[in-house]
Amino acid sequence: MRRLSDGALGRRGEAEALGPRKPLYLRNSPGLRVVLDGAALCVRQVAKAVMRFPLARLARVVNSGEVDWDCAALLGCAEAGVPVVFLHRDRTVRGYLFGRDARSRDQHDLLYTRLRARLTRAGGMARYEQWRQAMFREAAVEGQLGAALAQRATTDAARRMRRRAVAPEEALAERVAVCFKRRLRGLLSGLAGELLAEAGLDARRWSRLDVGVDLPGDLGEVMGQALEAPILRAMRVGAATGVELDDAALTALFEAQTPRLWQLGLAAVKRLREMLET
């Protein structure tokens with residue numbers, strides 16, 4: 001289990017009455033159990049101090065592997081509007097929990113109403129696919145530009161890597177691809193789930209969207225394009241210094257990029273609403 005510091009916020013640095021919201025990452029560990037304690041999640045682990053996380057300060061919960069959840073704790077997340085994403089041990093998405101609309105910022109319910117009205121009509125799924133492909137192309141261009149800047153970086157670590165030929169660019173590109181497939185997809189889906197909760201897609205609305213799309217997964221992949229350059233830079237430095245990008249470092253890097261990812265996700269959701277209008 002890992003709790004991020006105040007400098008790595010899950011929400012966009014937005015001040016709230018109880019302070020900024022943060023993500024909670026739970027990783028499979030012997031005896032790890034989550035229960036509800038009043039208005040907070042209480043995380044217990046063998047031979048470790050009990051940790052308490054107020055629901056009003058949680059942005060999202062990312063559960064990786066087998067964690068023992070008390071039913072009341074899950075219901076507490078649902079009632080507080082805190083989305084939970086459950087990951088398999090290999091970091092692929094196993095499922096989502098969405099609650100009530102306590103987090104919604106869409107007073108007019110535009111995303112939900114347009115999704116429900118348009119996707120079930122003739123041509124609706126085609127419009128969704130057009131949006132998906134368009135956002136992938138735009139995000140890929142941004143990611144390629146960022147990667148090109150990273151390629152021209154002249155940090156000492158990058159120069160040492162080139163002199164020693166520790167890792168050819170082809171090998172680094174392959175490692176970045178594996179990183180996205182195996183390690184980042186769940187984190188991105190969790191962030192997408194939080195964004196969609198604020199866009200008004202609560203449990204009741206999700207249950208009425210009887211359409212065959214993976215909106216959290218698609219939105220997460222779109223946002224993930226912006227991570228290519230920082231991940232590539234981090235792997236170059238790691239190749240030069242011999243320090244691998246472990247899970248803790250990768251999660252910290254991801255959280256440092258969330259303000260940018262959030263803005264990209266907001267733009268993608270706005271574009272989806274616009275495309276569903278026509």
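What I present today is a predicted model, in which local features need pLDDT of at least 70, side-chain atom pairs count only at pLDDT 80 or more, and totals for chains, interfaces and linings use all residues. Residues are numbered from 1 along each chain as its sequence is written, and side-chain values use heavy atoms, with hydrogens and water left out.

I begin with the overall picture. The protein has 10 helices and 9 strands; helices (H or I, at least four residues) and strands (E, at least two) are DSSP runs, numbered from the N terminus. Of its 278 residues, 49% count as buried, where buried means under 20% relative accessible area, exposed over 50%, and partly exposed in between, with a 1.4 Å probe and protein chains only.

How many cavities of 30 Å³ or more does a search of the whole structure find? The number is 3. On a 1 Å grid over the protein atoms alone, a cavity is a set of points where a 1.4 Å probe fits but cannot get out, while a pocket is an open set with protein on both sides within 12 Å along at least five of seven lines; lining residues have an atom within 4 Å of a point. Grid points are joined across faces, edges and corners, and a volume is the space filled by probe spheres set on the points.

The largest cavity holds about 90 Å³ of space. Its lining is formed by Y25, L26, R27, V62, S64, L87, R91, R183, L187, D247, L250 and T251. Two or more of these residues come from each of β2 (22-27), β6 (58-64), α5 and α9 (247-256). By type, the lining of the largest cavity divides into 6 nonpolar, 2 polar and 4 charged residues.

Strand β6 also contains R60. Is R60 buried or exposed? R60 is buried, as its relative accessible area is 1%. Its side chain is joined to that of E255 by a polar contact of 2.7 Å. A polar contact is a pair of N or O atoms within 3.5 Å; within protein, one must be able to donate a hydrogen and the other to accept it, and residues adjacent in sequence count only if both atoms are side-chain atoms. R60 and Y25 are 35 residues apart along the chain, and their C-alpha atoms are separated by 8.6 Å.

The second largest cavity has about 50 Å³ of space. G81, P83, F98, G99, R100, R103, A197, L201 and D202 line the second largest cavity, and they comprise 4 nonpolar, 2 polar and 3 charged residues.

Two of these lining residues deserve a further word. D202 sits in the loop between α5 and α6 (203-208) and, at 6% relative accessibility, counts as buried. The side chain of D202 makes a polar contact of 2.9 Å with the side chain of R205, and also reaches the backbone nitrogen of D101 at 3.4 Å. Leaving aside residues up to four places away in sequence, D202 touches F98, G99, R100 and D101.

G81, for its part, follows α1 and has a positive phi, near 75 degrees. Helix α1 spans residues 71-80, and its buried residues are A73, G76, C77 and A78. Among the elements that cover them are β3 (33-37), β4 (40-44), β7 (68-69), β8 (84-87) and β9 (93-97). At the start of α1, a side-chain oxygen of D70 comes to within 3.1 Å of the backbone nitrogen of A72.

Which helix gives the most to its lining? That helix is α10, with 5 residues. Both α5 (169-198) and α10 (258-277) supply at least two residues. The lining as a whole includes R105, W262 and R273, and its residues divide into 6 nonpolar, 1 polar and 5 charged.

Notes:
Ala, Val, Leu, Ile, Met, Phe, Trp, Tyr, Cys and Pro count as nonpolar, Asp, Glu, Lys and Arg as charged, and the others, Gly among them, as polar. Contact means heavy atoms within 4.5 Å.
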